[in-house]
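Subject: Structure handover

Hello,

Here is the structure I promised to pass on. My notes follow below it.

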Amino acid sequence: MSGFAPDRPGGDPAEESSQSTKSLGKTFSRVDLDGHDLPPSPAPSSPRNGKRYALATELVYTEGTDQYNASSTPIYQSATFKQTSAGGEGAEYDYTRSGNPTRTHLERHLAKIMRAERALVVSSGMGALDVITRLLRPGDEVVTGDDLYGGTNRLLKYLATNSGIVVHHLDTTKPESVKRVVGPKTAMVLLETPTNPLIKIVDIPTIAKLAHKANPEALVAVDNTMLSPLLQNPLELGADIVYESGTKYLSGHHDLMAGVLAVNSSAIGDKLYFTINASGCGLAPFDSWLLMRGIKTLKVRMEQQQSNAQRIAEFLESHGFKVRYPGLKSHAQYELHNSMARGAGAVLSFETGSIQVSERIVEAAKLWAISVSFGCVNSLISMPCRMSHASIDAKTRKERALPEDIIRLCVGIEDADDLIDDLSRALVLAGAVNLTPEGLYAAEKGPAGKLDTQSNNIF
Ligand SMILES: Cc1ncc(COP(=O)(O)O)c(C=O)c1O
Ligand SMILES: N[C@@H](CCSC[C@H](N)C(=O)O)C(=O)O
């Protein structure tokens with residue numbers, strides 16, 4: 001295998017950090033346990049000679065291949081790798097939990113597009129967060145937001161209840177609130193931006209500085225799921241760890257679960273790798289291959305999704321809805337978002353003022369599937385309080401001002417007019433807008449020029 005990096009240390013993370021792990025032709029420092037230099041590992045072959053291309057090119061330009069020069073990364077569907085000696089000297093792989101060439105290829109590709117020294121892939125986004133939280137010890141404090149994906153909240157609550165870790169939830173859109181809470185015990189600051197589902201924007205550089213000032217050892221971890229590396233690079237904004245659900249934009253088709261971690265510190269990377277190997281949550285070869293395939297179309301998908309989302313956000317806003325989308329100038333943190341990101345993404349939420357009306361809209365939509373998740377090529381509609389965020393109890397949702405009637409739209413790559421037609425039809429059927437069908441839409445009009453509002457028996 002040329003170009004696939006070895007990735008198979010196997011003992012204590014402190015000891016493992018002395019072993020070589022490579023990424024994208026960069027060799028991490030190799031020292032023995034006494035700090036003596038070890039000879040560098042051979043760099044993977046690369047025709048680019050260090051040249052960095054535009055992201056659109058990097059997404060599709062994968063390095064390394066097998067002995068047959070396969071254009072598509074082969075799927076090494078093997079649990080074990082035969083050794084040539086009893087000690088396994090010189091072998092890159094022994095066991096897929098510890099490392100697999102298909103997974104390594106994906107990790108090196110991700111490191112490149114996430115502008116990281118090292119990327120690691122696991123079996124889900126929550127798996128990635130679980131690996132990160134295993135860096136924490138009892139007594140450590142975590143500072144995090146008051147608007148978070150429901151599963152993130154659930155895992156943090158579990159740790160706070162069972163692992164002696166103190167979790168502070170606060171409005172991370174207000175750096176002054178973060179400043180009041182961070183201190184020497186702050187081991188981790190965990191941020192989402194934009195947040196799910198309120199689409200609040202968090203100032204990563206300012207909060208990273210505050211955290212590192214309060215405790216230079218504190219780790220700032222950012223969940224970049226909403227934007228993907230195409231639109232935001234938290235590592236370049238001061239984060240120590242970036243993670244995301246590869247289930248979403250990176251893969252793009254809702255046909256796999258995956259989690260991605262990226263760091264610029266070999267010491268942190270080694271610790272994360274230790275947990276992945278020790279706990280056995282590394283991404284399977286076939287899913288690694290699927291994710292690799294999805295990444296190649298990230299740019300074209302996201303651009304279409306984003307331009308559709310912008311139109312839909314403007315459409316809803318023009319009909320008087322309170323729309324949360326960072327592509328709208330009315331978003332309170334429009335400028336902040338644009339100072340960190342290269343686009344607004346394709347998730348937006350809006351309120352109707354009535355849970356019943358929201359339910360009717362969601363159930364009247366035809367083109368928009370009622371589904372959790374986002375980042376898929378298909379458009380999805382959901383009520384977070386009933387679905388993705390149902391694991392946050394009602395009292396906490398109220399305390400954190402998460403509106404029960406909020407509808408989240410995850411915009412796909414379909415024709416924007418079709419999406420708006422379908423949504424407006426649902427709004428009319430639900431009685432959410434005081435407009436005649438003709439006033440709203442043309443494309444859904446039947447041959448007689450009338451919108452067929454009878455076809456959905458939702459009342
Ligand atoms: C912002 C965010 N982070 C993390 C996750 C977890 O990802 P996964 O479902 O792949 O475990 C999700 C959704 O599930 C999410 O919305
Ligand atoms: N039943 C699942 C719900 C997953 S929600 C997935 C996604 N992050 C979203 O925001 O829609 C669970 O309990 O985790």
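First, the residue classes: Ala, Val, Leu, Ile, Met, Phe, Trp, Tyr, Cys and Pro count as nonpolar, Asp, Glu, Lys and Arg as charged, and the others, Gly among them, as polar. On that scheme, the shell around ligand 1 holds 3 nonpolar, 9 polar and 2 charged residues.

This is a predicted model, in which local features need pLDDT of at least 70, side-chain atom pairs count only at pLDDT 80 or more, and totals for chains, interfaces and linings use all residues. Residues are numbered from 1 along each chain as its sequence is written, while chains are lettered from A and ligands numbered from 1 in the order in which they are written.

Confidence
The pLDDT is the predictor's confidence in each residue, from 0 to 100. Its mean over the chain is 88, and 84% of residues reach 70 or more. Residues 1-33 fall below 50, yet this stretch has 83 contacts in the model beyond near neighbours in sequence. A contact is a pair of residues whose C-beta atoms, placed from the backbone, lie within 7 Å. Residues 41-45 also stay under 50, with 14 contacts beyond four places in sequence. For the complex, the predictor gives an ipTM of 0.98 and a pTM of 0.88.

Fold
The chain has 16 helices and 14 strands. These are DSSP runs, numbered from the N terminus: helices (H or I) of at least four residues, strands (E) of at least two. Of the 459 residues, 50% are buried. Buried means 20 or more other C-beta atoms within 10 Å of the residue's own, exposed 12 or fewer, partly exposed in between, with C-beta atoms placed from the backbone. Among contacts with a separation of 6 or more, 69% join residues 24 or more positions apart.

Ligand 1
A residue is near the ligand if its C-beta atom, placed from the backbone, lies within 6 Å of it. The shell has 14 residues, and Ser124, Gly125, Met126, Ser245 and Thr247 come nearest. Helix H4 (125-133) and helix H5 (150-162) each give two or more residues to it.

Lys248
What does the UniProt annotation say of Lys248? The unreviewed entry marks "modified residue: N6-(pyridoxal phosphate)lysine" there. UniProt positions are given in the numbering used here, feature names are shortened, and annotations may be inferred rather than shown by experiment. Lys248 sits in the loop between strand E8 (241-245) and strand E9 (259-263). Is Lys248 buried or exposed? Lys248 is buried, because 21 other C-beta atoms lie within 10 Å. Leaving aside neighbours within four places in sequence, Lys248 contacts Thr225, Ser373, Phe374 and Gly375.

Best wishes

Conventions:
Two residues are in contact if their C-beta atoms, placed from the backbone, lie within 7 Å.
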